[in-house]
Amino acid sequence: MTTPASNTGGQQPSPPTGQTSAQAGGSIRDRLQSPRSSDQASGSGNTRESDLRENGFQQSNSVADLHAGGRGESQYDSSKTPQVTAEQELAGRKHPLGPEDAKSAERKVSALFLLSFLGVVGFVLTFFLVDNDYASSTRYLYTPLLGTFLALALAGVGAGAVLWAKLLMVDEEAVQERHPFGSPKDERSSTAQALKKGLEETGLPRRSLLRNTLLLGAGSLALLPVPFLFGLGRFQHKERVLATTAWREGVRLIRQNGTPVRLGDLQVGAIESVFPDVEHGTKIADSPTLLIRMRPEELQVVEGREDWSVDGHIAYSSICTHLGCPVKLYEQQTHHLFCPCHQSTFAANEGCKVVFGPAARPLPQLAISVDEEGYFYAQGDFDEAVGPSYWERDT
Amino acid sequence: MSLLEKGTDAGAVWVDDRLGSSNFVRRSLNKVFPDHWSFMLGEVALYSFVILLLSGTYLSFFYTPSLSEVVYDGSYVPLKGVTMTQAYASTLDISFDVRGGLIMRQIHHWSALLFMASIVVHLMRVFFTGAFRKPREINWIIGVTLLVLGIAEGFAGYSLPDDLLSGTGLRIAYSIALSIPVIGTWAAFLVFGGEYPGVAILDRLYSAHILLLPGLILGLITFHMMMIWYQKHTQFAGPGRTEDNVVGSRFFPSYAAKAGGFFFLVFAVVAALGGLAQINPVWLYGPYDASQVSAGSQPDWYVGFLDGSTRLMPNWEIAGFGYTVPLNVMVPTVVLPGILFTLLALYPFIEARFTGDRDYHNLLDRPRDVPVRTAIGTMSIAFYVLLMIGGGNDVIASVFHLSINTISRVLQVSLFVVPPIVYFATKRVCLALQRSDDELVHHGIESGTIRRLPSGEFVEETVPLPAVYRISLTGVESDRPELEGATAHGAEGQSKGPGYGDEHVVENAPERVPGFFRGKRRSGPSDTSAPRPEGAMPELERSGKPAPPE
């Protein structure tokens, strides 16, 4: 901030009129390739630069000076600006349009405002008169019509106001000085002094007992919300809650509609979502399980789990070990289970080991058996926590 | 005196008698705002927030944030008789039984997408033009905070309908909270009230979504605007524009009319989208069911980069001593965004640390003039875009019939390879553009007129750059060289700070490429060998040739 531009106008060379006038925006070469004459620029309302040049960048300030007259501190740079009367000023502010064009511009803007009114009328009529009942044939039209009329109503006022500002309001460049942000040195030091003095008066620097007890008292106030935070959740036995599901020994495998699954219900290559046959069993978020049937010879049983599957029927937790999405997409040929959320892929015939994707652990396997009536039941809960990993998870 | 004038007069007197606000009002009306299309991006964000408040208020009259179950009996036939939560049922009611409810819901969703998009693009504008530099660092931090709050607010919002998609998103959020070491299970249980899904999450999300977060956002936006008002907007270099002034149109009437009109135009676009373009058709997804998920499940776009990082992360997990650290979840969803947003918020200070630049800056940089910053920006965008693509890898795989495994592997490698390439390419392009600008400033515009010298040599005539362009390019108001060093933008040859030394200056770059990290100011045409008087500049024709004298 070394040069306070007290007179920007003075530094601005005043080129002769009728020069290439610039249009804001676009690359320089684009602008150079399509130079506009001053007249053309005026016609399109882009009179910024040309006005600026013709008026030597000063005249535009004078409006502000008129406004600022009589004010203690002038916000605008008026030191070097010749004083002009209002009439001179108004004459000097070149109206962008001639009277004919201004009239036509006014008509255009008014037409847009009128469009708004029509949009509102259309919106209200549609809102109340068009039938939006799901059974009616016009329901497909209801929302699109509302949207169209609402957009027309809003765009009319919006475009009208912008066009109004561009065509009919005097388009002038105003200049305003910036105030430096840093306060003067003496200002700063006296503020610092006041702060120090006030601090001195409180006695805090001297009275250490007061200070320390205040710190303790106010500091402990800050801890008050913590008990309330604990009130937000039920944390009792959270590790056990996370590690267990609703599966228990002897609980039957039921479908989402509540019917139990029987040996022979599934064809080879078929898959079924199964749930524990307990109260709200199909609603419990950590218990959904997949029952898959493949040919027994295709199944490579994991060591120690020889009696966990029945005749090619094998059950895995459906909850992805990555982020808990239900894994359900099964590829018969490869025996791959695929999670649609983050594409973790598990090999169902090899203990659901991870073959691709961000999941780190196999899907937990549920040990199943068949009772004398032929229905599947669980031998117990999963032997590890299902779903995503967490800090206290003991692997 | 017309009735309008009389009324204005009487009203102003009435208010001033009570508030003494005349001076303040006049100064406000006369406040100057610089014009540039890119300054409207932040306006779009502001206006979409206003639309969000309006449409959201209407929706809150009909929505019930409850997980208790009801049997649907609304007019949407395919779901009649299905058991669902009240939250989902009330969302269906808004969509099918409330008059104008669907368009309001869709306007709300579209304006949320637009809100986030305009924040991001506005942030890029501020970044690439260096508008965050002193004295505007506070506003930058507020802006970054608004971006983060916006993501949280958007996520809370699209989780409310409790459809299959949003319920899946909530479960993922819960699992992410679980992944944090030591406090993860506490955090997850605290937010959800217990093991997923708990009973409390929708009520909590609802009060966060309609009170807590919008309140914070509204407060910060107000502060953001007050800072802009108080510090005055930055501007690009141009005729009459210096570090110490603002050149533009006055707030009233011209700027107010344009800005007000622009609000309605933004609203019109959102209304048209809300009426004509379907968004989040929750009735097609069905109610949430922990055992169901649709293929191609995707979050709203502004969460997409986190979904992408999650998909591309290798499946690392550390386990031992009875504890588990799921790096595969924690790194891409907690650590990565933490680092990214911290770096983003601190960027003004990081840059100032490296450049040693402690000056005030009110004139904006052209991105090409600060190649390192621009390259850092494009590099970051490349990284972000790759993550976004990763978030859609399943859609890309199914649309283009590609292997999803291949796409993921390629993206994993690209995340580390592409950003550096983009960095160096951007830097080279910036330097080349600087040289091309220098060409224009020092030698003028190619006129297309070839002249043959008596010696037989062919030379091309060039036309000096008109002052308007020269000033925009160089920021140098005068062609008197002694004034150049006096511009506040920093004299050339100042230390560029550690890490930005000579090794970045390529061999064939002439010494008149001084700006690298900090905005540079090129010299005016006065030091060219053949200066021309300003008045002798001929007008140019469409082809760029000088027009024949009249």
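Modeller: What follows goes through the charged pairs one at a time. This is a predicted model, in which local features need pLDDT of at least 70, side-chain atom pairs count only at pLDDT 80 or more, and totals for chains, interfaces and linings use all residues. Residues are numbered from 1 along each chain as its sequence is written, chains are lettered from A in the order in which they are written, and side-chain values use heavy atoms, with hydrogens and water left out.

A search of the whole structure finds 26 salt bridges over all chains, each being a side-chain nitrogen of Lys or Arg within 4 Å of a carboxyl oxygen of Asp or Glu.

In chain A, Asp381(A) pairs with Arg248(A) at 3.6 Å, N to O. The two are 133 residues apart and link distant parts of the chain. Asp381(A) is partly exposed at 25% relative accessibility, and Arg248(A) is partly exposed at 42% (buried means under 20% relative accessible area, exposed over 50%, partly exposed in between, with a 1.4 Å probe and protein chains only).

Arg255(A) and Asp265(A) form another salt bridge, their closest N and O atoms 2.9 Å apart. Both lie in the loop between β2 and β3 of chain A, ten residues apart; strands are DSSP runs of E, at least two residues, and helices runs of H or I, at least four, numbered from the N terminus. Arg255(A) is buried at 17%, whereas Asp265(A) is partly exposed at 37%.

In chain B, Asp307(B) and Arg311(B) meet at 3.0 Å, N to O. Both belong to helix α12, four residues apart, about one turn, and both are buried.

Finally, a network of salt bridges links Arg361(A), Glu384(A), Arg393(A) and Glu317(B).
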